[in-house]
Amino acid sequence: MPSPGSEERGEATKAAREEPPPMVFLCAGCKRAVGDSLDWEANDEDTRSLLLRSVSPTIKVDKEQKLSDWPEERGCMLETLICSGCEMTLGSIYRCTPRHLDYKRDLYCLNIDCLESYTLGSAGKKADVDKEPLTLGSQAILEESLERAETTLKALEHRLSLVESGFASLPNNGRDES
């Protein structure tokens with residue numbers, strides 16, 4: 001018999017698996033994190049931009065407002081978004097918009113050509129958690145094994161030097177004198 005709430009947990013887990021994993025957006029210039037998909041609001045195909053509700057503190061906002069150069073954005077007042085790491089212009093924040101562009105107002109519009117992304121959980125290598133962890137007891141055994149190996153290597157080194165000195169004392173010293 002399932003425990004109370006287990007069906008709800010199962011549905012929540014299933015829904016979480018169906019959602020795409022979070023992404024981190026990086027400045028293409030210096031690879032600093034500038035935002036993530038948890039703050040994603042929309043995509044704008046026309047301007048090739050991601051619209052985010054918030055960005056990381058690595059983005060500076062140039063408070064000098066400018067009018068947009070795009071004919072489709074006539075009447076828009078913008079502030080430029082700049083990466084504080086490499087000074088690359090990453091996009092704009094719309095401060096004043098005509099009614100048909102109100103969905104962009106006060107959102108961070110990052111140009112996708114200035115970004116790279118990383119999907120969380122996409123790493124190919126996984127930790128081998130089945131191996132026994134290093135404990136004080138296993139560390140002592142490992143140190144003892146290393147000491148024995150070191151002693152063996154020193155003995156072999158001594159033997160090798162004896163063999164080499166034996167060769168050095170031979171009459172022709174291993175060379176042909178013709």
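Modeller: This is a predicted model, where local features need pLDDT of at least 70, side-chain atom pairs count only at pLDDT 80 or more, and totals for chains, interfaces and linings use all residues. Residues are numbered from 1 along each chain as its sequence is written, and side-chain values use heavy atoms, with hydrogens and water left out.

Biologist: How many residues of the lining of the second largest pocket are nonpolar, polar and charged?

Modeller: Classes first. Ala, Val, Leu, Ile, Met, Phe, Trp, Tyr, Cys and Pro count as nonpolar; Asp, Glu, Lys and Arg are charged; the others, Gly among them, are polar. Here the lining has eight nonpolar residues, one polar and one charged.

Biologist: What is a pocket, and what counts as lining?

Modeller: Picture a 1 Å grid over the protein atoms alone. A pocket is an open set of points, where a 1.4 Å probe fits, with protein on both sides within 12 Å along at least five of seven lines; lining residues have an atom within 4 Å of a point. In the second largest pocket, Pro 20, Pro 21, Pro 22, Met 23 and Ser 37 lie nearest the centre, among 10 lining residues.

Biologist: Which residues lie nearest the centre of the largest pocket?

Modeller: They are Trp 70, Leu 78, Gly 91, Ser 92 and Tyr 94, out of 17 lining residues. By class, that lining has seven nonpolar, seven polar and three charged residues.

Biologist: Why does Thr 47 count as buried?

Modeller: Buried means under 20% relative accessible area (1.4 Å probe, protein chains only). Thr 47 counts as buried because its relative accessibility is 15%. Leaving aside neighbours within four places in sequence, Thr 47 is in contact (heavy atoms within 4.5 Å) with Trp 70, Glu 73 and Lys 104.

Notes: Buried means under 20% relative accessible area, exposed over 50%, partly exposed in between (1.4 Å probe, protein chains only).
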